[in-house]
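Open the model in your viewer and keep the selection tool at hand. This tour goes stop by stop.

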Amino acid sequence: MKLAIPLLIALSTLAPAAHAQSSLGLTFATLGVSTDDTSDKTAQAQADVAITPFHGLQGDLGLSQFADTEIGYIAGHLYLAPEPGQKYGFFAAYRDINDTASTLLDLGIEGTIDLTPDLALTAHAGVGQVDDRNLDYVFAGAGLGWRASENLWLTADLSGVDIDQIGLQSTAATLRVAGQYDIPKSAISLTMGAAHSRFSGDLSGSEDRFFLGLTVTLGQSAASARTRPLNAPDPLAPYWRTGRLRP
């Protein structure tokens, strides 16, 4: 993580070159880091390739560091974009918990649509499993994004997960609000936000956190649903973050 911010700044100088690669099918690529007030950290890289004018494939690679563990993940999004303001399809995410035999697999559907030029709706739903624990869960979420100005994007989303395991029944709901500021004449974006998670069932309680992020985007600007990255949900993150589930 110590090298991530210098690398982001260096990559931002390559943004003009990314436009020249559009003929190769690369729509955009991003590299970002984030941290919160509990010192949890995430680093993620994303790349989107246009298969046809109406189909695309996005890949994600990242690492999340929580208090007790590190979780590496890889995700893929196969989507259809029939219009510039629409994108929907399927996603799969595989996660490996460091120093354990535990792996997680999430599968689901997702989509984003521009309701107006400055207002976007996103949604997802899926199922997941932790392979060595007989732990199954279902999850879903939806959110709104509003372009408040040329360089400021505001978002609010609500997501939930329901765990079903012998001896463990729990539900978590998370409300997240954030603002993303695109620094003018650069490929760098800064994000600041807050999230509130509430747990019910066998693992009751709540958690509040504040987070900061930095992202470099190479390629096309996020002017429409087609050129905004999809984000694979991490439904169990509230449990890892608060220690309610141990790796």
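A salt bridge here is a side-chain nitrogen of Lys or Arg within 4 Å of a carboxyl oxygen of Asp or Glu. Note that this is a predicted model, where local features need pLDDT of at least 70, side-chain atom pairs count only at pLDDT 80 or more, and totals for chains, interfaces and linings use all residues. Residues are numbered from 1 along each chain as its sequence is written, and side-chain values use heavy atoms, with hydrogens and water left out.

Stop 1: Colour by secondary structure. Helices (H or I, at least four residues) and strands (E, at least two) are DSSP runs, numbered from the N terminus. Two strands pair if DSSP finds at least two bridges between them.

Stop 2: Select residues 119–130 and 135–149. These are strands β7 and β8, paired antiparallel over 12 bridges. Now pick G126: its bridge partner in β8 is F139. Strands of a sheet pair through backbone hydrogen bonds, either parallel or antiparallel.

**Stop 3: R176 and D157.** Show side chains. How many salt bridges does the rule give? The count is seven. One of them joins R176 and D157, at 3.8 Å from N to O. R176 sits in strand β10 (residues 168–182) and D157 in strand β9 (residues 152–165), 19 residues apart. Buried means under 20% relative accessible area, exposed over 50%, and partly exposed in between (1.4 Å probe, protein chains only). R176 is partly exposed at 28%. D157 is partly exposed too, at 23%.

**Stop 4: R95 and D106.** Select both. Their side chains meet in a salt bridge, 2.8 Å from N to O. R95 belongs to strand β5 (residues 86–97) and D106 to strand β6 (residues 103–116), 11 residues apart. Buried or exposed, R95 and D106? Both are buried.

**Stop 5: D36 and R241.** This salt bridge has its closest N and O atoms 3.7 Å apart. D36 lies in strand β1 (residues 26–36) and R241 in helix α3 (residues 237–242), so the pair ties together parts 205 residues apart in sequence. D36 is buried at 9% relative accessibility. R241 is buried at 16%.

**Last stop: the network.** Salt bridges with shared partners join D36, D40, R209 and R241 into one network.
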